Amino acid sequence: FPTAGYNVGSCYNTSNGKFTVSVAGKYLVTSQMGLDASTTAMTYFSLGPRVNGTGTVYFGGWGWKSTTNTYAKSTSTVVLDLAVNDYIETYFECSATHTILAGPHYTSVSIHKLS
């Protein structure tokens, strides 16, 4: 994500796509992705946060082809307990190469500190 609508505390780095935790605690991470493609090779897609570049990706579900030219939106929501200097990257998985639609009504990530 090359832009940030709100970046309180400047924890999100637009040049590398990482959100780095400056205050330990529980964080609500919501990711959504949408795309519209006519390729038959694209049968699924999903996204979710991954902590520190390795391990579990917290997928919230998979988008699938509902008609020949339209795909559903994939959404992931998770609460993560994060330490200072942990970082979150958004991980995408698709069955074929395709352009992901930009803009907050298609593809976005929202991270909020809960406690």
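Analyst: One place to start is Asn85, which is found in the loop between β6 and β7. Bear in mind that this is a predicted model.

User: What is the phi of Asn85 like?

Analyst: Asn85 has a positive phi, about 75°, although the residue is not a glycine.

User: Is Asn85 buried or exposed?

Analyst: Asn85 is exposed, because its relative accessible area is 57% and the cut-off for exposed is over 50%.

User: And Asn52, what about its phi?

Analyst: The phi of Asn52 is positive too, at about 60°, and Asn52 is not a glycine.

User: Where does Asn52 sit?

Analyst: Asn52 lies in the loop between β4 and β5, the latter covering 63–64. With a relative accessible area of 31%, Asn52 counts as partly exposed.

User: Let's step back. How many helices and strands are there?

Analyst: The protein has zero helices and eight strands. Along the sequence the pattern reads β-β-β-β-β-β-β-β.

User: How much of the protein is buried?

Analyst: Of the 115 residues, 29% are buried. The accessible surface is about 6,500 Å², and carbon and sulfur atoms account for 54% of that surface.

User: Which residues make the largest nonpolar core?

Analyst: Eleven residues: Cys11, Tyr12, Phe19, Val21, Tyr27, Val29, Val51, Val78, Leu80, Leu82 and Ile88. Strands β3 (25–33) and β6 (74–82) each supply at least two residues of this core. The largest share comes from β6, with three residues.

User: What does Cys11 touch, apart from its neighbours within four places in sequence?

Analyst: Cys11 is in contact with Lys18, Phe19, Thr20 and Ser22. Phe19 is also a member of the largest nonpolar core.

User: How many aromatic pairs are there?

Analyst: The count is one aromatic pair. Phe19 and Tyr27 form that pair, with 6.0 Å centre to centre and 65° between the planes.

User: Stacked or edge-to-face?

Analyst: The Phe19–Tyr27 pair is edge-to-face, because planes over 60 degrees apart fall in that class. Both Phe19 and Tyr27 are buried.

User: Switching to β4. Is that strand mostly covered or open?

Analyst: Strand β4, residues 44–51, is mostly covered, with six of its eight residues buried.

User: How does β4 pair with β7?

Analyst: In the antiparallel sense, over seven bridges, with β7 spanning residues 87–94. One of the β7 residues, Glu93, is the bridge partner of Ser46.

User: Last one, Ser110. Which strand is it in?

Analyst: Ser110 belongs to strand β8, residues 108–113. At 29% relative accessibility, Ser110 is partly exposed.

User: What does Ser110 touch, not counting residues up to four places away?

Analyst: Ser110 touches Leu28, Val29 and Thr30. Ser110 and Leu28 are 82 residues apart along the chain, yet their C-alpha atoms are separated by 7.9 Å. Val29 is also listed in the largest nonpolar core.

User: What joins the side chains of Ser110 and His112?

Analyst: A polar contact of 2.6 Å joins the side chains of Ser110 and His112.

Notes:
Residues are numbered from 1 along each chain as its sequence is written. This is a predicted model: local features need pLDDT of at least 70, side-chain atom pairs count only at pLDDT 80 or more; totals for chains, interfaces and linings use all residues. Side-chain values use heavy atoms; hydrogens and water are left out. Helices (H or I, at least four residues) and strands (E, at least two) are DSSP runs, numbered from the N terminus. Buried means under 20% relative accessible area, exposed over 50%, partly exposed in between (1.4 Å probe, protein chains only). Accessible areas come from the Shrake-Rupley method with a 1.4 Å probe; for residues, only the protein chains shown count as cover. A nonpolar core is a set of buried Ala, Val, Leu, Ile, Met, Phe, Trp, Tyr and Cys residues joined through side-chain atoms within 4.5 Å. Contact means heavy atoms within 4.5 Å. A polar contact is a pair of N or O atoms within 3.5 Å; within protein, one must be able to donate a hydrogen and the other to accept it, and residues adjacent in sequence count only if both atoms are side-chain atoms. Two strands pair if DSSP finds at least two bridges between them. Rings of Phe, Tyr and Trp (its six-membered ring) pair if their centres lie within 6.5 Å; planes under 30 degrees apart count as stacked, over 60 as edge-to-face and the rest as tilted.
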